[in-house]
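Take a look at the model below. What can be read from its strands, one of its loops and its pocket?

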Amino acid sequence: RFTNVQYPSIDEDGVTLHGYLATPEYPDPEGAPAVLVFHAWNGISEEATYFCDLLAERGYYCLAPDLFRNVAAGGMNIVWNVLSVIRTPQERMDADSDGALAYLRALDGVDDGRIAAGPGFCFGGTQ
């Protein structure tokens with residue numbers, strides 16, 4: 001089970017953030033583990049969503065936050081991808097990651113004591 005989700009930013013700009021959420025079909029009734037998965041330098045793409053789906057099949061809640069805020073390109077569009085990484089402030093991505101974590105913690109069924117960050121793909125491994 002998966003869906004695109006929206007949740008509020010925790011910083012002062014108050015924008016609505018977006019992410020990809022995959023949930024387990026049969027979550028642990030005591031509370032399921034959860035993972036944040038960070039996308040590569042080209043934004044939300046198949047790698048992050050595929051990995052979220054695999055984790056959900058194994059009983060995890062998995063959220064891939066869109067740290068570039070709706071900016072994505074093909075993996076081989078090197079110039080655009082480099083510019084996305086350079087022009088997106090790290091402080092904003094940190095705050096957006098914190099917003100994603102707060103959203104994940106608030107979900108019914110998530111065990112707040114079993115939340116992990118990672119894996120990240122390419123650029124996402126630095127988050």
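What follows is a short walk through a predicted model, from strand pairing to a loop residue and then to a pocket.

Start with strand S2, residues 16-22. Five of its seven residues are buried, so S2 is largely enclosed by the rest of the structure. Two strands pair with S2. One is S1, residues 2-8. S1 and S2 run antiparallel and share seven bridges. Within this pairing, Pro8 sits opposite Thr16 of S2. The other partner is S4, residues 61-65, also antiparallel to S2, with four bridges. Here Tyr20 faces Ala64 of S4.

Now move to the loop that links S1 to S2. Ser9 lies in this loop. Is Ser9 buried or exposed? Its relative accessible area is 11%, under the 20% cut-off, so Ser9 counts as buried. Which residues does Ser9 touch, beyond its neighbours within four places in sequence? They are Gly14, Val15, Leu17, Arg69 and Asp96.

Arg69, one of these contacts of Ser9, also belongs to the lining of the largest pocket. That pocket has a volume of about 170 Å³. Its lining is made up of Phe68, Arg69, Val71, Trp80, Leu83, Ser84, Arg87, Thr88, Pro89 and Arg92. Which element supplies the largest share of this lining? Helix H2, residues 78-87, does, with four residues. Sorted by class, the lining holds five nonpolar, three charged and two polar residues.

Notes: Residues numbered from 1 in each chain as written. Predicted model: local features only at pLDDT ≥ 70, side-chain atom pairs only at ≥ 80, totals over all residues. Heavy atoms only, no water. 1 Å grid on protein atoms, 1.4 Å probe; cavity = no way out; pocket = protein on both sides within 12 Å on 5 of 7 lines; lining within 4 Å. Points joined across faces, edges and corners; volume = space filled by probe spheres on them. Nonpolar A, V, L, I, M, F, W, Y, C, P; charged D, E, K, R; others polar. Buried < 20%, exposed > 50% of the residue type's maximum accessible area, 1.4 Å probe, protein only. Contact = heavy atoms within 4.5 Å. Pairing = 2+ DSSP bridges.
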